[in-house]
Amino acid sequence: MLSHVQFETDSKLLEDSSNSSISDYSGLGAFILLCKILLAQNPHFRVRLVKMQANTVAQLLAKAALCYASPKIFHITPSCIYNSIFNE
């Protein structure tokens, strides 16, 4: 079982929304509500803001994902970010 999981984002809006009790009825708000439900079921999970400049791995992974014509889920660590993960 996972414990003390931290989800990092460079979006202040996403961090604030995930920690807010205010309802948002937009498409993004519906997605955030689902995330809040999952977070509530796992009290040791949290969303944390990380400045984009400090989040090198996420930037490299996002760039790698753009190379595919359709959405891509990485089940193994892509070689382009392997070294960056272990350097952070």
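Reader: What should I know about the model before asking?

Author: This is a predicted model, in which local features need pLDDT of at least 70, side-chain atom pairs count only at pLDDT 80 or more, and totals for chains, interfaces and linings use all residues. Residues are numbered from 1 along each chain as its sequence is written, and side-chain values use heavy atoms, with hydrogens and water left out.

Reader: How many salt bridges does a search of the whole structure find?

Author: The search finds three.

Reader: Why is the contact of E8 and R48 called a salt bridge?

Author: A salt bridge is a side-chain nitrogen of Lys or Arg within 4 Å of a carboxyl oxygen of Asp or Glu. For E8 and R48 the N to O distance is 3.4 Å, so the pair qualifies. E8 lies in strand β1 (residues 5-9) and R48 in strand β2 (residues 45-49), so the bridge ties together parts that are 40 residues apart in sequence. Strands here are DSSP runs of E with at least two residues, while helices are runs of H or I with at least four, numbered from the N terminus.

Reader: What makes E15 buried or exposed?

Author: Buried means under 20% relative accessible area, exposed over 50%, and partly exposed in between (1.4 Å probe, protein chains only). E15 has 15%, so E15 counts as buried. K12, at 45%, is partly exposed, and D16, at 38%, is partly exposed too.

Reader: How do you know that K12, E15 and D16 are linked in a network?

Author: The side chains of K12 and E15 meet in a salt bridge at 3.4 Å, N to O. D16 also forms a salt bridge with K12, with the closest N and O atoms 3.1 Å apart. K12 takes part in both bridges, and the three residues are linked in a network. K12 and E15 are three residues apart in helix α1 (residues 12-18), about one helical turn. D16 and K12 are four residues apart in helix α1, also about one turn.

Reader: What makes L13, L28 and F31 a patch?

Author: Patches are made of residues with over 30% relative accessible area and no salt bridge; like charges are joined within 9 Å, nonpolar side chains (Val, Leu, Ile, Met, Phe, Trp, Tyr) within 5 Å. L28, in helix α2 (residues 27-41), has 42%, so L28 passes the area cut-off. Together L13, L28 and F31 make a nonpolar surface patch of about 310 Å², an area from the Shrake-Rupley method with a 1.4 Å probe; for residues, only the protein chains shown count as cover.
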